[in-house]
Amino acid sequence: MIRPATESDIPAITELAFTSGLFPETEVDTVQALMAEYFARTRDGGHACLLDDGDGGEEKPVGVAYYQPVPATDRTWTLLMIAVRMDRQGQGRGGALLRQVEAELGGRGQRLLLVETSGIPDFELTRTFYVKSGYTEQARVPDYYEDGDDMVLFHKNLIKAQS
C-alpha cells in the first residue's frame, strides 16, 4: 500500500535511504534535515513524500518517494528521492512508487517530472529503470557530485504520457 508519509515515519525513511544504497551513511543529517523541513514547512509548499508499506505484513516501509515543485517554472517537478529496500528491489516496488507520483502530478495537470541521478557504473540499473519507465536522458553534467561522478538528468512530459 502506498500512502503519504507521516512525521513518525522519519526514522524509517532515514534508514530506508541508507539501506537501499541511495545515500551513504555519512549523509544521515541530510536526509533527517530534509524530512524535518518537509514536516515543518515544505509540505505546505507542495512537496510530497510517499511510502510503500509493502503487501501488508511488513514491519517497516519497503519504499519511499519524495518530490517537489521546481521554483520559477510552469508545473515542473523534480523527484528528489526514490528508494526501495535492497531485499525488495526488482519486484516492481520502485515502478509502483514512480507511477503513483506521476499519477498524482498528472491528475493535477502538472507538466514535467525531472530526475537527477549519478552517472557512475553503480547506478546503471537506476538509469535503466528510468528509461524503462519512459524517461528520456536530457543532459549530463560532468563531475557534478564529485570528480568522476556525473549528474544525469532525465525527464518525462506527464501531459504527453497521459495521452
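Modeller: Happy to. A residue is called buried when its relative accessible area is under 20%, exposed when over 50%, and partly exposed in between (1.4 Å probe, protein chains only). This is a predicted model, in which local features need pLDDT of at least 70 and side-chain atom pairs count only at pLDDT 80 or more, while totals for chains, interfaces and linings use all residues. Residues are numbered from 1 along each chain as its sequence is written, and side-chain values use heavy atoms, with hydrogens and water left out.

Let us settle on helix H2, which covers residues 28–40; helices here are DSSP runs of H or I with at least four residues, strands are runs of E with at least two, and both are numbered from the N terminus. Its 13 residues reach 18 Å from the first C-alpha to the last, close to the 18 Å expected at 1.5 Å a residue, where the expected span is 1.5 Å times one less than the number of residues. The buried members of H2 are Val 31, Met 35, Tyr 38 and Phe 39. Looking down the axis of H2, these buried residues fall within an arc of 90°, so they line one face of the helix; the arc is taken from the directions that run from the helix axis to the C-beta atoms. On the face of H2 turned away from the buried side sit the exposed residues Asp 29 and Ala 40.

What lies over that buried face? The cover of the buried residues of H2 includes helix H1 (10–19), strand S2 (48–52) and strand S3 (63–69), with contact meaning heavy atoms within 4.5 Å.

H1 is itself worth a look. Seven of the 10 residues of H1 are buried, so H1 is largely enclosed by the rest of the structure. Those buried residues are Ile 10, Ala 12, Ile 13, Thr 14, Leu 16, Ala 17 and Phe 18, and what covers them includes H2, S2, S3 and strand S4 (76–84). After H1 comes Gly 21, with a positive phi near 90°.

Now to the charges. Side chains of opposite charge can pair when their charged atoms come close. By the rule used here, a salt bridge is a side-chain nitrogen of Lys or Arg within 4 Å of a carboxyl oxygen of Asp or Glu, and the count comes to 13 salt bridges. Glu 37 is partly exposed at 30% relative accessibility, whereas Arg 41 is exposed, with a relative accessible area of 54%.

Another salt bridge joins the side chains of Arg 3 and Asp 53, at 2.5 Å from N to O. Arg 3 lies in strand S1 (residues 2–4) and Asp 53 in the loop between S2 and S3, so this pair ties together parts that are 50 residues apart in sequence. Both partners count as buried, Arg 3 at 19% relative accessibility and Asp 53 at 18%.

Asp 53 has a contact in Glu 58, which also touches Arg 85 and Arg 88, again not counting residues up to four places away in sequence. Glu 58 is in the loop between S2 and S3 and is partly exposed at 26% relative accessibility. From C-alpha to C-alpha, Glu 58 and Arg 93 are 13 Å apart in space, and 35 residues apart in sequence.

The loop between S3 and S4 holds Arg 75 and Ala 72. Most residues other than glycine have a negative phi, but Ala 72 has a positive one near 60°, and phi of Arg 75 is likewise positive and near 60°. Ala 72 is exposed, with a relative accessible area of 88%. Arg 75 is partly exposed at 32% and forms a salt bridge with Asp 74, the closest N and O atoms being 2.9 Å apart. Elsewhere, salt bridges that share partners join Asp 52, Asp 55, Arg 88 and Arg 93 into one network.
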